[in-house]
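This report describes the fold of a single chain, one of its helices, and the residues around its ligand. Annotated sites are taken up where they fall.

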Amino acid sequence: VERTFMMIKPDGVSRGKIGEIIQRIEHKGYAIKAMKMVQPTPELLAKHYAEHVGKSFYPSLVQYMTLGPVIAMIGEGTNIVSGWRTIMGTTNPTLAAPGTIRGDLGREWEGEAVMNIVHGSDSVEAAEYEIKLWFA
Ligand code: ATP
Ligand code: MG
């Protein structure tokens, strides 16, 4: 069975959306195999977002992702990597489709970073890397 790394970002936690997001995961029939609340550090984020280190928005991305604790989860289910990204919606919440988490719950932010509530690995390889990183 496929696994992915799922995260409720600091804005999802601070705005009280943990329950709604987990309900959507469970309604889809995905199994949550592990879950913990973590305060991300810049060091951890540099490994998680290695592809973005050095980009213009990277400092604001770190600022956003260290605003408070996140919920880190290992999810399991058939085609969960792409399925979870479909449920999340596209990166920019102002463009995400209604019915997706980002489309329904996302908000714009005045700063440079896009605050978009949730994360999901974008490939099976990325999922295994991120699971090892967050659940070492
Ligand atoms: P995530 O990896 O967080 O699940 P994603 O895969 O939809 O999101 P990525 O391209 O991996 O999007 O970007 C990671 C995060 O960096 C985004 O979720 C967003 O918070 C921020 N981000 C990405 N692109 C931009 C941008 N052009 N301007 C500002 N912030 C951005
Ligand atoms: Mg990504």
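A residue is called buried here if 20 or more other C-beta atoms lie within 10 Å of its own, exposed if 12 or fewer, and partly exposed in between, with C-beta atoms placed from the backbone. The model is predicted: local features need pLDDT of at least 70, side-chain atom pairs count only at pLDDT 80 or more, and totals for chains, interfaces and linings use all residues. Residues are numbered from 1 along each chain as its sequence is written, while chains are lettered from A and ligands numbered from 1 in the order in which they are written.

**Overall fold**

Seven helices and four strands make up the chain; these are DSSP runs numbered from the N terminus, with helices being H or I of at least four residues and strands E of at least two. Along the sequence they follow the pattern β-α-α-β-α-α-β-α-α-β-α. The radius of gyration is 14 Å, close to the 14 Å that the globule rule gives for 136 residues, so the chain is as compact as a globular protein of that length. That radius is taken over C-alpha atoms, and the rule is 2.2 Å times the number of residues to the power 0.38. Taken along the principal axes, the C-alpha atoms fill a box of roughly 35 × 35 × 25 Å. Of the 136 residues, 34% count as buried.

Contact means that the C-beta atoms of two residues, placed from the backbone, lie within 7 Å. Among contacts between residues at least 6 apart in sequence, 70% join residues at least 24 apart.

**Helix H5**

Helix H5 spans residues 80-88, and its buried residues are Ile80, Val81, Trp84, Ile87 and Met88. Seen down the helix axis, these buried residues fall within an arc of 130°, so they line one face of H5; the arc is that of the directions from the axis to the C-beta atoms. Their cover includes strands S1 (3-8), S3 (70-76) and S4 (118-120), together with helices H2 (18-28), H6 (101-105) and H7 (124-134).

Arg85 also belongs to H5, but with 18 C-beta neighbours inside 10 Å it counts as partly exposed. Leaving aside neighbours within four places in sequence, Arg85 is in contact with Gly120 and Asp122. Just after the helix, Gly89 takes a positive phi of about 90°.

Asn79, in the loop between S3 and H5, has a positive phi of about 55° although it is not a glycine. Ile117, in the loop between H6 and S4, is another residue other than glycine with a positive phi, near 75°. Not counting residues up to four places away in sequence, Ile117 is in contact with Lys9, Asp11, Gly12, Lys17, Ile101, Arg102, Leu105 and Gly106.

| Residue | Other C-beta atoms within 10 Å | Class |
|---|---|---|
| Asn79 | 11 atoms | exposed |
| Thr91 | 12 atoms | exposed |
| Ile117 | 26 atoms | buried |
| His119 | 23 atoms | buried |

**Ligand 1 and the annotated sites**

Around ligand 1 are His52, Phe57, Leu61, Thr91, Glu112, Ala113, Val114, Asn116, His119, Gly120 and Asp122, a residue being near the ligand if its C-beta atom, placed from the backbone, lies within 6 Å of it. This shell divides into four nonpolar, five polar and two charged residues. In that division, Ala, Val, Leu, Ile, Met, Phe, Trp, Tyr, Cys and Pro count as nonpolar, Asp, Glu, Lys and Arg as charged, and the others, Gly among them, as polar.

An unreviewed UniProt entry places the feature "active site" at His119. His119 is in strand S4 and, not counting residues up to four places away in sequence, touches Met6, Met7 and Lys9.

The feature "binding site", from an unreviewed UniProt entry, is placed at Lys9, Phe57, Arg85, Thr91, Arg102 and Asn116. UniProt positions are given in the numbering used here, feature names are shortened, and annotations may be inferred rather than shown by experiment. Of these residues, Thr91 is in the loop between H5 and H6. Beyond four places in sequence, Thr91 touches Val114 and Asn116.
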